[in-house]
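Work through the exercises below with the sequence and the 3D structure open.

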Amino acid sequence: MALERRQIVERALALLDEVGMDGLSTRRLAAELGVKGPSLYWHFRNMRELFNHMAEALLETALPAPGAFPHDWQAWLADGARGIRRAALSHRDGARLLAGSVPTGQSLILDFEAMRGRLEAEGFRRGEAHAALMVLGRYAMGWALYEQLTPTLPPYSDKSFEYGLQAMIQGIADKTPAASRPRAEQLRPA
């Protein structure tokens with residue numbers, strides 16, 4: 001049976017839960033898949049490329065599509081940050097995986113240009129849109145990393161994450177006045 005990329009990524013994510021980032025190797029993954037190590041290199045040039053695909057697999061089911069929450073960029077950004085955090089916490093060392101990887105861009109959900117375009121359509125300038133996406137993504141990953149590295153989380157971690165998220169989104173709105181004003185086309189019924 002021929003291996004497919006998706007099958008390798010799914011097994012790698014399962015193995016990540018078992019052994020963590022430090023225990024995940026091509027040799028171990030190949031053994032789990034019942035193949036020789038070099039056969040994995042037909043699909044991935046190296047572990048970094050595999051990690052990038054693993055990160056993309058985590059995020060593509062967690063992020064809202066660029067068209068979600070029409071005319072409510074704040075809800076869309078908040079849902080995206082929550083999705084990144086959920087994805088990071090869904091697997092052992094998931095936050096480390098996301099923090100150290102760059103999704104491949106093959107998923108339509110993870111099309112950064114489309115995400116930035118969504119914000120530009122809402123009144124953001126290009127640099128503002130880019131910064132907003134990066135800041136909230138880093139916040140969510142950093143929070144998840146803290147949660148994965150803290151043996152005993154305080155019971156208010158979820159509320160604290162939400163407080164910080166809302167404060168950041170309000171700050172983005174304050175710094176982006178054009179996006180904060182409803183436009184005529186936003187007010188028309190669909």
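## Exercise 1: The fold

The chain has eleven helices and zero strands, where helices (H or I, at least four residues) and strands (E, at least two) are DSSP runs numbered from the N terminus. This is a predicted model, in which local features need pLDDT of at least 70 and side-chain atom pairs count only at pLDDT 80 or more, while totals for chains, interfaces and linings use all residues. Residues are numbered from 1 along each chain as its sequence is written, and side-chain values use heavy atoms, with hydrogens and water left out.

Task: describe the order of elements, the extent, the burial and the contacts of the chain.

Solution. 
- Step 1. Read from the N terminus, the elements run α-α-α-α-α-α-α-α-α-α-α.
- Step 2. Along the principal axes, the C-alpha atoms fill a box of roughly 60 × 40 × 25 Å.
- Step 3. Of the 190 residues in the chain, 44% are buried. Buried means under 20% relative accessible area, exposed over 50%, and partly exposed in between (1.4 Å probe, protein chains only).
- Step 4. Take the contacts (heavy atoms within 4.5 Å). Among those in the chain with a separation of 6 or more, 71% are between residues 24 or more positions apart.
- Step 5. The chain has an accessible surface of about 10,500 Å², and carbon and sulfur atoms hold 57% of that surface. Accessible areas come from the Shrake-Rupley method with a 1.4 Å probe; for residues, only the protein chains shown count as cover.

## Exercise 2: Salt bridges

Task: count the salt bridges, and say which parts of the chain the pairs Arg11 with Glu32 and Asp158 with Arg85 connect.

Solution. 
- Step 1. Side chains of opposite charge can pair when their charged atoms come close. The criterion is a side-chain nitrogen of Lys or Arg within 4 Å of a carboxyl oxygen of Asp or Glu.
- Step 2. Under this rule there are 16 salt bridges.
- Step 3. One of them joins the side chains of Arg11 and Glu32, at 2.4 Å from N to O. Arg11 belongs to helix H1 (residues 5–23) and Glu32 to helix H2 (residues 26–33), so the pair ties together parts that are 21 residues apart in sequence. Glu32 is partly exposed, at 38% relative accessible area.
- Step 4. Asp158 and Arg85 also form a salt bridge through their side chains, at 2.6 Å from N to O. This pair links distant parts of the chain, with Asp158 in helix H9 (residues 157–175) and Arg85 in helix H5 (residues 73–89), 73 residues apart. Arg85 counts as buried, with a relative accessibility of 10%.
- Step 5. In the salt bridge between Arg126 and Glu120, the closest N and O atoms are 3.4 Å apart. Salt bridges with shared partners join Glu113, Arg116, Glu120 and Arg126 into one network.

## Exercise 3: Pocket and cavity

Task: give the volume and lining of the largest pocket and of the largest cavity.

Solution. 
- Step 1. Set up a 1 Å grid over the protein atoms alone: a cavity is a set of points where a 1.4 Å probe fits but cannot get out, and a pocket is an open set with protein on both sides within 12 Å along at least five of seven lines; lining residues have an atom within 4 Å of a point. Points are joined across faces, edges and corners, and a volume is the space filled by probe spheres set on them.
- Step 2. The largest pocket has a volume of about 630 Å³. It is lined by 24 residues, of which Leu59, Ile84, Phe112, Met115 and Met134 are the closest to its centre.
- Step 3. Two or more lining residues come from each of H5, helix H6 (94–99), helix H7 (112–121) and helix H8 (126–149). H8 provides the largest share, seven residues.
- Step 4. The pocket lining has 18 nonpolar, five polar and one charged residues. Here Ala, Val, Leu, Ile, Met, Phe, Trp, Tyr, Cys and Pro count as nonpolar, Asp, Glu, Lys and Arg as charged, and the others, Gly among them, as polar.
- Step 5. There is one cavity of 30 Å³ or more, and the largest cavity holds about 50 Å³ of space. Its lining includes Ile8, Thr26, Tyr41 and Asn46, and H2 and helix H4 (47–60) each give two or more residues to that lining. By class, the cavity lining has seven nonpolar, two polar and no charged residues.

## Exercise 4: Positive phi

Task: locate His71 and Asp93, and decide whether each is buried or partly exposed.

Solution. 
- Step 1. His71, a residue other than glycine, has a positive phi near 65°. His71 sits in the loop between H4 and H5 and is partly exposed at 47% relative accessibility.
- Step 2. Asp93 is not a glycine either, yet its phi is positive, about 60°. Asp93 is in the loop between H5 and H6 and counts as buried at 18% relative accessibility.
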